[in-house]
Amino acid sequence: MTDIAIRTQDILDRLGAGNPFVADGDLVCRSPIDGSEIGRLRSHTADEAADVIGRAQAAFEQWRSVPAPVRGQFVRELGELLREHKDDLGALVSIEAGKIVSEGLGEVQEMIDICDLAVGLSRQLHGLTIATERPGHRMMEQWHPLGVVGVISAFNFPVAVWSWNAALAFVCGDAVVWKPSEKTLLTALGCQALAAEAGRRAGVPEGLSAVLLGDYRIGEVLVDDPRVPLVSATGSTRMGKQVAPRVAARLGRTLLELGGNNAAIVAPSADLDLAVRGIVFSAVGTAGQRCTSLRRIIVHESIKDDLVTRLKAAYETLPIGSPLEASTLVGPLVDQPAFDAFGAAVEQATADGGDLVTGGTAADVEGDGFYVHPAIIDMPKQTEIVKAETFAPLLYVLTYSDLDEAFALHNEVAQGLSSSIFTLNVREAEQFMSVVGSDCGIANVNIGPSGAEIGGAFGGEKETGGGRESGSDAWRAYMRRSTNTVNYSTELPLAQGVEFV
Ligand code: UN1
């Protein structure tokens, strides 16, 4: 066993998740840090998955009647356990997803933050009282628990995305069955062990929180099961286009958080020092493997050379290497296909006339990890490859001369997740956030498109799928609305003045 495998096992022990090497394991778990094997788990069969959903359904039937503020105590326990095990779970995220230490810890902090938000929310799941046209009547709405929520998550935020969904779903009175990415199964098991312990402490029904292990076929069981009224899926647009019609075919609901092709407009008045810092974090943080990663810069022609020169200098000093080293800022790509996609996109963009400013090649790091030099490519125009989401640290530079042109380029892509503008001009900033500006779910000023905090609704438009998670009123997606009209008079007046005697 490698050092990383031993460390993984120790962490899983402390999280109470058991041995990562099971007999007859068909799912091989690897660390992208050095390619080493860190576990072997067994896939659930379709029948087992259906049983898990059945148990979650039974748990839901009890849980839905527990008062919401009491349900909040379960999520409070989970938040406490996450605080206690932040270092371990964060390290596991680094080991399995390849994130640098600070980002692994940041991911767990994001889980703690959503737990805090959900606990508060457990006392605020309010509906409206609505004026009625009928005398002696009252009209109101109540929000009721929905049922079993299916969560499908991606490798890049292997636990935070589950928590955005699960923390809200639990306080809303739902059960959660989670199908994590096959690339980050151990992190999911570590997280589930903490959820199970929180459940024991809070006395929640058995099976309220469950994990399904397997490939897309296990995901399909969740997607097709009529006992799952909501499927929340995070991942590629390709995956979303498969999930959405299947859930729709049984008239279930989906909450989709799919691809992004996020841009930053850099205007002539921009504070370039700030812009460079914001751009570098958003473009190369998490090795460009966030759905919010910055992929396109749309820079005014008057400052383009200056900006590109500064970015090139910043890129060329980036420490690339094991994400477990404190000094590293760029860890590995998750696997060989991700590495190949990066290389193919660089090749295509240069074939389209792009000028490779820096990077674009494999980086020499010990072990069998997939490390690359983040790339900047100056593009003559927005070609098809620029419009595609390549999940890697690859930044395209496009140039504009007037702001309408910048907005047009910005909105020309199919995805609509996150966006930003660097400007000190209030008109430009407001226009960017207005209806004629960015068409994304997130539009920022003087910060990059990534790194959203808990509190705001997270998600995007167009091929990003339209779902909103985590903050604001996202909780409503996990509940069903009941409109109630109560007659406290002795008359029976009908709405719309209808007479029926
Ligand atoms: C994702 O990449 O799926 O805004 C989520 C951010 C993070 C979440 C990213 N808070 O970058």
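Student: Why does Ser472 count as exposed?

Tutor: This is a predicted model, and in it Ser472 has 12 C-beta neighbours inside 10 Å. The cut-off for exposed is 12 or fewer, so Ser472 counts as exposed.

Student: Where is Ser472 placed, and what is its phi?

Tutor: Ser472 sits in the loop between strand E20 (469-470) and strand E21 (479-487). Its phi is near 50 degrees, a positive value in a residue other than glycine.

Student: What makes Gln496 exposed?

Tutor: Gln496 has 5 other C-beta atoms within 10 Å. Exposed requires 12 or fewer, so the label applies to Gln496. Gln496 lies in the segment after E21 and, although not a glycine, has a positive phi of about 60 degrees.

Student: Why is Ala244 called partly exposed?

Tutor: Ala244 has 19 other C-beta atoms within 10 Å. Ala244 is found in helix H9. Leaving aside neighbours within four places in sequence, Ala244 is in contact with Thr254 and Leu256.

Student: What makes the buried residues of H9 a single face?

Tutor: Thr237, Gly240, Val243 and Val247 are buried in H9. Seen down the axis of H9, the buried residues fall within an arc of 115 degrees, so they line one face of the helix. An α-helix has 3.6 residues a turn, so residues three or four places apart point the same way. On the other side of H9, Arg238, Pro245 and Ala249 are exposed.

Student: What covers the buried residues of H9?

Tutor: The cover includes strand E5 (148-152), helix H8 (216-224), strand E8 (230-234) and strand E9 (253-257). Just after H9, Leu251 takes a positive phi of about 55 degrees.

Student: Why are the buried residues of H11 said to line one face?

Tutor: The buried residues of H11 are Leu307, Leu311 and Tyr315. They fall within an arc of 65 degrees when seen down the axis of H11, so they line one face of the helix. Asp305, Asp306, Thr309 and Ala313, on the other side of H11, are exposed. The buried residues pack against several elements, among them helix H10 (272-284) and strand E11 (294-300).

Student: What makes the ligand shell one that draws on both domain 1 and domain 2?

Tutor: The domain assignment gives domain 1 (3-258 + 465-483) and domain 2 (262-445). The shell draws at least three residues from each of them. Residues around the ligand include Glu110, Asn156, Thr234, Arg290 and Thr292. The shell divides into 4 nonpolar, 5 polar and 2 charged residues.

Student: How many residues does the contact take from domain 1 and from domain 2?

Tutor: The C-alpha centres of domain 1 and domain 2 lie 30 Å apart. The contact takes 15 residues from domain 1 and 21 residues from domain 2. Helix H4 (86-97) and helix H5 (101-121) each supply at least two residues of the domain 1 side.

Notes. Residues numbered from 1 in each chain as written. Predicted model: local features only at pLDDT ≥ 70, side-chain atom pairs only at ≥ 80, totals over all residues. Buried ≥ 20, exposed ≤ 12 C-beta atoms within 10 Å, placed from the backbone. Helix = DSSP H or I, 4+ residues; strand = E, 2+ residues; numbered from the N terminus. Arc of directions from axis to C-beta. Contact = placed C-beta atoms within 7 Å. Near = placed C-beta within 6 Å. Nonpolar A, V, L, I, M, F, W, Y, C, P; charged D, E, K, R; others polar. Domains from an automatic or database assignment.
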